[in-house]
Amino acid sequence: MSESGFQAVSNATEMFLTEQDPDSDVLVGLAFTVIMDGSRTFIIEVQALCLSQSPVGGSTSKVVNGVDINRANMIKCVLIKQAGLHIPSVHLNVVSGLTLTETAGDLAIAAAICSSFLEYPIPKGIAFIGEIGLSGELRTVPRIDKRVHALAKLGYKTCVVPKQAVKALGTEGLENIKIVGCKNLKEFINVVFSR
């Protein structure tokens, strides 16, 4: 809204992303995913901060903004049990005060947590779409094709998705984005966070 009335928003996604230093190719604890609001897609940023020790007071601390606390706990527990990561303290945030209600963001939450815990930055241009099950399996989500096409249009170079979604995506319109399929969290960590 402006003085002269409503103005078109050409790229609403820009409102939900951190302005990164142009000289910085990577940042630890940041991951991107695509959410749907009706038929519109939005790329959002998930931030994680993992502490190797519990903060003062000795309790396992969790600060979660924009993610359902039960979903965040489930993803943390699956990372502990299925991937062998021992994460005493996790803080999560979805940028711009958004609330991530879709399971499509599970993989981005896990990526942000792993990035922070392993102190392994995720390069720019990578996004994550997929649901995580209790046994660590990655599951496809509704309208994954529309989500991946939105990333391709915005110049993302890589998208990590559940392996079962790769064939369904096809190749039309996805010539400039690499689709990486993973069947479970262990494979995901080996593919994304191997040095």
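Me: Which residues in helix 1 meet which ones in helix 5?
Reply: From helix 1 they are Val78, Leu79, Gln82 and Ala83, and they meet Leu185, Lys186 and Ile189 in helix 5. Contact here is heavy atoms within 4.5 Å. Helices (H or I, at least four residues) and strands (E, at least two) are DSSP runs, numbered from the N terminus.

Me: What sort of residues are they, by class?
Reply: The contact of helix 1 with helix 5 has 5 nonpolar, 1 polar and 1 charged residues. Nonpolar covers Ala, Val, Leu, Ile, Met, Phe, Trp, Tyr, Cys and Pro, charged covers Asp, Glu, Lys and Arg, and the others, Gly among them, are polar.

Me: Before I go on, what kind of model is this?
Reply: A predicted model, where local features need pLDDT of at least 70 and side-chain atom pairs count only at pLDDT 80 or more, while totals for chains, interfaces and linings use all residues. Residues are numbered from 1 along each chain as its sequence is written, and side-chain values use heavy atoms, with hydrogens and water left out.

Me: Back to those helices. At what angle do helix 1 and helix 5 pack?
Reply: Helix 1 (residues 69–83) and helix 5 (residues 185–192) pack at about 85°, and their axes are 9 Å apart. Helix 1 is therefore roughly perpendicular to helix 5. Angles of 65 to 115 degrees count as roughly perpendicular, under 35 as roughly parallel, over 145 as roughly antiparallel, and the rest as oblique. The axes are lines fitted to C-alpha atoms, for helices over the stretch in contact, with angles from 0 to 180 degrees between N-to-C directions.

Me: How many helices and strands are there in the protein?
Reply: There are 5 helices and 11 strands.

Me: And how much of the protein is buried?
Reply: Of the 195 residues, 46% are buried. Buried means under 20% relative accessible area, exposed over 50%, and partly exposed in between (1.4 Å probe, protein chains only).

Me: New topic: how many salt bridges?
Reply: The count is 5. The rule is a side-chain nitrogen of Lys or Arg within 4 Å of a carboxyl oxygen of Asp or Glu.

Me: What does Asp106 pair with?
Reply: Asp106 forms a salt bridge with Arg71, at 2.3 Å from N to O. Arg71 is in helix 1 and Asp106 in helix 2 (residues 106–118), 35 residues apart. Asp106 is buried at 1% relative accessible area, whereas Arg71 is partly exposed at 24%. Arg71 and Asp106 are also linked with Glu131 in a network of salt bridges.

Me: Which residue forms a salt bridge with Arg147?
Reply: Glu102, with the closest N and O atoms 2.6 Å apart. Glu102 is in the loop between strand 5 (89–94) and helix 2, and Arg147 is in helix 3 (residues 144–153), so the pair ties together parts 45 residues apart in sequence. Arg147 is buried, at 2% relative accessible area.

Me: How many disulfides does the structure hold?
Reply: The number is 0. A disulfide is a pair of cysteine sulfur atoms within 2.5 Å.
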